[in-house]
Amino acid sequence: MRHRMIRLFMVAAAWTLLSLPAPGAYAGSPDRIVSLGPVITDMIYLLGAGGRLVAVTSYCKTSEDDEKEIIGTVMQMNVEKIVHLEPDLVIANALTRQKQIRLLQKQGVQVIELETSRNFEQICSNFVKLGTLVGKEEKAKTVTAKARERVSIIRKKADALQKRTVFIQIGIKPLKTSPDHTFINEYIEFAGGINIAKDAAEGVYSREKVLKKNPDVILIATMGSSKKSGLREKEAWSKFSFLEAVKNKNIHVLDPDIVCSPTPEVFARGLADFFRLIHPDKKEEVRLE
């Protein structure tokens with residue numbers, strides 16, 4: 001549950017490079033990298049540079065045969081341990097404490113700070129920037145080109161279909177959704193949906209507004225909670241028998257890791273899922289290998 005809570009804060013997460021190491025800080029691409037966030041780790045593996053990771057956080061996913069040193073959590077790292085590992089580069093994120101970043105820098109450790117991006121294009125462009133940084137620019141360009149192609153195909157199919165109204169729930173107490181100018185909103189719109197809550201201030205919404213707008217589809221990705229919580233929310237929505245989403249059995253619990261994982265590849269895969277759920281009668285038209 002705690003791991004999903006961390007990912008909630010990183011929901012919009014593709015990353016933008018804020019501060020690069022000084023030129024000449026190290027020769028070539030970094031061979032020893034420390035990742036301070038799960039999405040950063042995901043991107044590095046996608047780039048084929050996972051072998052250069054010497055340490056990650058306890059929230060990061062790695063395979064059983066590729067164990068890494070654990071240097072703490074997303075918001076609390078062990079500075080002494082990181083320094084002892086002698087990394088060429090530490091990649092931080094918006095949740096990393098500035099005080100700890102400064103401590104690393106004082107010890108001569110190169111740190112890149114990353115912040116949240118909001119849309120698919122930023123996800124792609126920032127992925128290429130990260131690829132360039134770790135000496136995997138061509139790989140990054142190949143991945144993003146394939147993702148853009150997949151996204152383009154789905155958008156064209158969606159544009160030819162009738163739009164359907166959608167509500168996506170990403171939090172329980174308070175009820176939270178994803179407004180305009182987020183990649184989750186792009187998931188909905190690119191897949192041929194209309195986000196009924198795109199004007200939600202700070203993402204906070206009310207059940208009463210959802211009932212009034214009566215969406216065709218309700219999607220639930222309760223980040224920060226267990227899957228059981230999502231199923232309970234589905235049950236709660238299902239009690240409103242007048243809802244179009246209930247009548248047509250279009251209430252679905254999503255995998256939060258897919259919804260909030262912003263690599264280009266995952267966005268394309270997630271968009272295919274959104275398309276199938278928004279247009280269940282057309283789901284066979286979208287297949288991604």
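Two strands count as paired when DSSP finds at least two bridges between them. Keep that in mind as we walk through this predicted model, starting with an open sheet of four strands in the order 8-7-9-10, paired in parallel. Strand 8 (193-195) and strand 10 (251-253) stand at the edges of this sheet, and each has a single partner strand, so one side of each is left without a neighbour in the sheet. From one strand to the next, the twist averages 30°.

Let us look at one pairing in the sheet. Strand 7, residues 164-169, runs parallel to strand 8, and three bridges link the two. Here you can find T165 standing opposite I194 of strand 8.

Now turn to a helix that belongs to this part of the picture. Helix 7 (residues 183-190) lies across strand 7 and strand 8, and runs at about 145° to strand 8. Is helix 7 mostly covered or mostly open? It is mostly covered, with seven of its eight residues buried. Those buried residues are F183, I184, N185, E186, Y187, I188 and F190. Their cover includes strand 7 and strand 8, along with helix 5, helix 6, helix 11 (256-259) and helix 12. After helix 7 comes G192, whose phi is positive, near 90°.

The largest nonpolar core has 30 residues, and I168, F267, L271 and F274 have the most contacts inside it. Two or more residues come from each of helix 5 (120-133), helix 6 (137-159), strand 7, helix 7, strand 9 (217-220) and helix 12 (264-278). Which element gives the most to this core? Helix 12 does, with seven residues.

Leaving aside residues up to four places away in sequence, I168 touches K176, T177, S178, I184, I188, L219, L254 and F274. Apart from this core lies another, of 21 residues, with I33, L53, L89 and F127 among them.

Finally, step back to the whole chain. The chain holds 12 helices and 10 strands, and 52% of its 289 residues are buried. Of the contacts between residues at least 6 apart in sequence, 65% join residues at least 24 apart.

Definitions and conventions. Residues numbered from 1 in each chain as written. Predicted model: local features only at pLDDT ≥ 70, side-chain atom pairs only at ≥ 80, totals over all residues. Heavy atoms only, no water. Buried < 20%, exposed > 50% of the residue type's maximum accessible area, 1.4 Å probe, protein only. Contact = heavy atoms within 4.5 Å. Axes fitted to C-alpha atoms, helices over the stretch in contact; angles between N-to-C directions. Core = buried A, V, L, I, M, F, W, Y, C linked by side-chain atoms within 4.5 Å.
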